[in-house]
Each structure stands twice: as structure tokens, then as C-alpha cells.
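Visitor: I'd like to learn how to read a structure like this one. Could you walk me through it, one feature at a time?

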Amino acid sequence: MSTLSHQLNLPSYLDANKLGAWDMYLQQVERVTPYLGTLARWVDTLKRPKRMLIVDVPIHLDDGSIAHFEGYRVQHNLSRGPGKGGVRFHQDVTLSEVMALSAWMSVKNAAVNVPFGGAKGGIRLNPHHYSKGELERITRRYTSEIGIIIGPSKDIPAPDVNTNEQVMAWMMDTYSMNQGGTATGVVTGKPVDLGGSLGRREATGRGVFTVGVEAAQHMGLSIQGARLAVQGLGNVGGTAAKLFGEAGALLIAAQDHGGAVLKDTGLDIPALLAHVAAHGTVADFAGGDPIDPDNFWDVNCDILIPAALEGQITADNANRIQAKLILEGANGPTTPQADDILGDKGVVIVPDVIANAGGVTVSYFEWVQDFSSFFWSEDEINARLVRIMREAFDTVWQTAKTQGTTLRTATFIVACTRILNAREQRGLYP
Ligand code: NAD
């Protein structure tokens with residue numbers, strides 16, 4: 001198997017069979033390179049994470065035995081500011097996946113022009129197999145281990161898949177205990193009582209909705225009555241579904257790790273979200289018909305929101321997708337091959353690096369509020385979020401038009417130009 005990662009001679013400990021996401025990212029960088037002008041001489045900067053830390057996370061389990069977990073923190077690029085990116089708890093987390101996620105954070109932060117570089121972390125474990133006490137000990141030991149590279153002006157973690165406000169509270173407390181003083185700005189996505197920001201929990205889904213409305217307007221697609229399909233009704237997909245529903249869209253189908261449901265006249269979104277909150281999955285929701293999860297991709301819809309994991313829309317299912325507009329709530333849900341197939345079909349894809357940037361935008365607001373110890377109202381936060389998302393989307397849309405590219409390549413043009421400009425202006429040390 002020859003991949004871009006192999007050609008670049010990346011470290012031998014990367015599992016050759018699990019390079020998917022990182023290889024996807026490298027292909028995206030290859031596609032943007034011809035548009036970077038003289039900055040292209042710096043492009044290898046984007047192909048090599050600046051710093052990667054692998055840590056052993058040993059804890060006492062509840063039964064007294066000792067278990068070891070593997071944790072990662074990758075700082076992909078710090079040219080524009082401190083690292084910023086979530087921490088994922090998942091049994092499939094690998095170093096190469098975290099590398100890709102950290103790189104997409106560099107691009108995303110530059111796309112919405114917040115003053116951060118890109119970073120990401122993860123622990124390889126299935127959190128559903130551990131008690132709350134065990135998860136707290138895992139989180140605290142992991143935080144302590146990566147404590148040498150994180151900090152309010154160095155690298156600021158946040159929630160991602162299977163991590164939440166409670167995990168952020170433990171991380172903030174652990175870092176603070178080691179520093180000898182409360183450092184609220186070390187993580188974002190904290191509980192509001194601990195320096196968190198109003199509006200953060202819904203921010204990513206709200207951003208997906210905001211760029212979705214903008215894209216639909218450009219396409220002449222009405223949200224009122226639009227048929228919507230969502231994969232993953234978690235934080236991102238659930239909020240986006242709720243806001244689209246409130247704007248008059250019909251949620252026709254939803255799929256997650258447990259199953260898939262369909263209702264041609266529109267699912268009752270609040271009832272479905274209450275079912276997911278109670279049972280953790282859309283499976284067995286009485287208000288819709290169960291379908292084979294794979295048939296979700298065939299559903300007759302106008303707007304599709306993948307909001308689960310990466311690599312979901314592939315060359316195998318792209319041809320079956322009927323949506324006119326895809327809003328990437330998840331990171332890396334579409335492979336480059338699927339991108340091409342969908343592009344040929346005329347499907348508009350608003351890529352992850354802009355579509356789901358609402359979360360990090362409000363994380364930026366949270367970080368600013370923590371530094372100034374002055375907290376804003378939710379209306380103020382939502383208004384600022386919508387303004388930043390609209391402006392960023394508009395820049396990307398215009399770039400795609402003038403350069404004749406997809407929205408993904410246009411976002412990479414805008415973002416990589418900002419990153420590499422910063423790199424060039426800072427110069428190399430020594
Ligand atoms: P979450 O844990 O709240 O929800 C994840 C959803 O994915 C759940 O509905 C789960 O059932 C579903 N899922 C998991 N495995 C699946 C599988 N194999 N097949 C189908 N569905 C599956 O996570 P989240 O915070 O909503 O994150 C979802 C995606 O959005 C991730 O890719 C994440 O990186 C990205 N993202 C999240 C944020 C944020 O602020 N939370 C910001 C930017 C990007």
C-alpha cells in the first residue's frame with residue numbers, strides 16, 4: 001500500500017493500515033498547493049505536525065487492578081497562536097487520526113481567523129466500559145501527562161467525541177492543581193459556573209446551521225420544507241437538527257452508532273432528541289420506522305449533515321446520496337474520492353473546516369472571557385458567532401467562485417495562505 005504518508009517517510013510507529021484520515025488531509029493539502037503562489041515553498045510545514053506527544057495513562061480500576069491506556073496530544077501548527085483543539089475518547093483513536101484532526105484544526109482556526117494554531121488529543125478507550133470514577137482518574141492522569149505542553153497560552157484543549165463539560169472541569173482542575181492556582185483558560189467547553197461560556201454547548205451546531213442557511217440562499221434552496229438527513233444526533237448533529245427544524249426543515253432520517261430511523265413526513269425532532277438523551281441512540285424510536293443503517297445514504301433528502309465520525313461518505317456510497325447540499329458537521333466525513341464523485345454530480349459540500357468552526361469560535365470567546373474575567377450575554381455571543389461564521393463563509397464562497405474550486409479547496413486556500421503567511425513572517429529559528 002503506497003500512501004502519501006509513506007512517500008513522506010512518516011514515523012515508522014504509525015500503523016500503515018490506519019492512515020486514512022491523515023492521508024485524506026495530505027491529499028487535501030496537495031490539492032491546495034497550486035493555489036498558494038510563492039507561499040507554496042513553505043507547504044511542507046503543513047505536512048508535518050510540529051509536536052506529537054504519546055503518553056501512557058495508568059490508573060487503578062474500581063476492582064483494584066491496574067489498567068494502562070494510550071493517550072495523545074498533537075500540536076500540528078502554532079504559527080498563528082497557541083494550539084487549540086478537542087480531546088476525543090474512542091476505542092479507534094490512533095496517532096494518525098489525532099494528527100489529521102489536529103491539522104484540520106489549524107485549517108479551521110485560520111479559516112474563521114481566530115488567533116490559534118491547530119492541536120488535538122485523544123485517549124484510546126471505549127468510555128462506555130468505565131465508571132465515572134475511572135473516567136475521572138483516566139482524564140486526570142492524561143491531563144497531568146500532557147501538562148508539559150498545554151496551558152492557556154500554549155495549547156488549549158476542548159471537548160470532542162465522548163468528552164464533555166465534566167471532563168473539561170476535571171482537566172482544568174488537574175492542570176490548576178499542578179500549577180498551584182486556578183487556570184480557567186487552560187481548556188474551553190467548561191461548565192458555565194467554572195468560567196465556561198454561555199452558548200458554547202450549541203455553538204458548533206449553530207455554526208453548521210448558519211453556514212447551511214447561507215449556502216442554501218446562494219443555491220436558491222429554501223430551508224422551509226427542506227428535507228434533512230442527519231448522521232449522529234450528538235452535540236453537533238442534535239443542535240443542527242433542532243435549529244433546522246425550528247426554521248421549517250423536515251428531518252426525514254437520522255442514523256447513529258445504534259441504528260437508523262426514517263419518517264417521510266418528518267420526524268418529531270424534540271421527541272427524537274429526548275429519546276437520544278434517554279437511550280443514547282436513535283434506535284427503537286417509536287415515532288419513526290427503523291431502517292438498515294446503510295440505507296440511510298439512499299434517503300431522498302435536500303440537505304445531508306454527517307455529524308458523527310470521519311470517513312463516512314466514501315466512493316462506495318457517494319453515488320447513492322441524493323442531497324443537493326452537504327454540511328459537514330463531523331471532522332473529515334468525506335473522502336477525497338467521494339468529494340470528486342459528489343462534485344461531478346453538482347452536490348455542494350460545505351466542508352468541515354468551515355461548517356463546524358462554530359465550536360472553536362465560541363471557544364475563542366470563552367478563552368477571551370476567561371482572560372478578562374468579564375463574561376458576555378448569550379445573545380452577544382450568538383450574534384458575534386453568526387457574524388464571524390457568515391463573514392468566513394462569504395470569503396470562502398467568493399474564493400471558490402474566483403478560483404473555480406470546490407468550497408473545500410477554497411477554504412484551504414484562505415486558511416493555508418493565512419497560516420503560511422504567518423510562518424513566513426515569523427521566519428525560521430534559529
Ligand atoms: P457526540 O459524542 O456528542 O456525538 C457523536 C455522534 O456520533 C453520536 O450520535 C453517535 O451515536 C454517533 N456515532 C458514533 N459512532 C458512530 C458510527 N460508527 N456510525 C454512526 N454514528 C456514530 O460528538 P459531537 O461532539 O457531536 O461530535 C461529532 C463530530 O463533530 C465529530 O466528528 C467531532 O470531531 C465533530 N466536531 C465536534 C465539535 C464540538 O464542539 N462538539 C466541534 C467541531 C467538530
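Visitor: Where is the place of Asn113?

Guide: Asn113 sits in the loop between helix 4 and strand 4 (118–124). Helices (H or I, at least four residues) and strands (E, at least two) are DSSP runs, numbered from the N terminus. Before we go on: this is a predicted model, where local features need pLDDT of at least 70, side-chain atom pairs count only at pLDDT 80 or more, and totals for chains, interfaces and linings use all residues. Residues are numbered from 1 along each chain as its sequence is written, and side-chain values use heavy atoms, with hydrogens and water left out.

Visitor: What phi does Asn113 have?

Guide: Here's the general idea: most residues other than glycine have a negative phi, and most peptide bonds are trans. Asn113 isn't a glycine, yet its phi is positive, about 60°.

Visitor: And which residues does a cis peptide bond join?

Guide: Tyr429 and Pro430, with omega at about 5°. You'll find Pro430 in the segment after helix 14.

Visitor: How do I read helices that pack?

Guide: Two packed helices are described by the angle between their axes and the distance between the axes. Axes are lines fitted to C-alpha atoms, for helices over the stretch in contact, and angles run from 0 to 180 degrees between N-to-C directions. Take helix 4 (residues 95–111) and helix 14 (residues 407–426): their angle is about 90° and their axes are 8 Å apart. Helix 4 and helix 14 are therefore roughly perpendicular to each other (angles under 35 degrees count as roughly parallel, over 145 as roughly antiparallel, 65 to 115 as roughly perpendicular and the rest as oblique).

Visitor: Which residues of helix 4 and helix 14 make the contact?

Guide: Contact means heavy atoms within 4.5 Å. Helix 4 brings Trp104, Ser106, Val107, Ala110 and Ala111, while helix 14 brings Thr411, Phe412, Ala415, Arg418 and Ile419. They divide into seven nonpolar, two polar and one charged (Ala, Val, Leu, Ile, Met, Phe, Trp, Tyr, Cys and Pro count as nonpolar, Asp, Glu, Lys and Arg as charged, and the others, Gly among them, as polar).

Visitor: At what angle do helix 2 and helix 4 pack?

Guide: About 35°, with the axes 7 Å apart. Among the residues that meet there are Trp22 and Tyr25 in helix 2, and Trp104 and Val107 in helix 4.

Visitor: How far apart are the axes of helix 12 and helix 13?

Guide: Helix 12 (residues 358–372) and helix 13 (residues 378–403) have axes 10 Å apart, at an angle of about 130°. That makes helix 12 and helix 13 oblique to each other.

Visitor: What about empty space?

Guide: Rolling a probe the size of a water molecule over the atoms shows where empty space is left. On a 1 Å grid over the protein atoms alone, a cavity is a set of points where a 1.4 Å probe fits but cannot get out, and a pocket is an open set with protein on both sides within 12 Å along at least five of seven lines; lining residues have an atom within 4 Å of a point. Grid points are joined across faces, edges and corners, and a volume is the space filled by probe spheres set on the points. There's one cavity of 30 Å³ or more here. The lining of the largest cavity has seven nonpolar residues, one polar and no charged, and includes Phe296 and Trp297.

Visitor: What volume does the second largest pocket have?

Guide: About 350 Å³. Of its 21 lining residues, Ile349, Thr405, Thr406, Leu407 and Arg408 are the closest to the centre. Helix 10 gives the most to that lining, with five residues.
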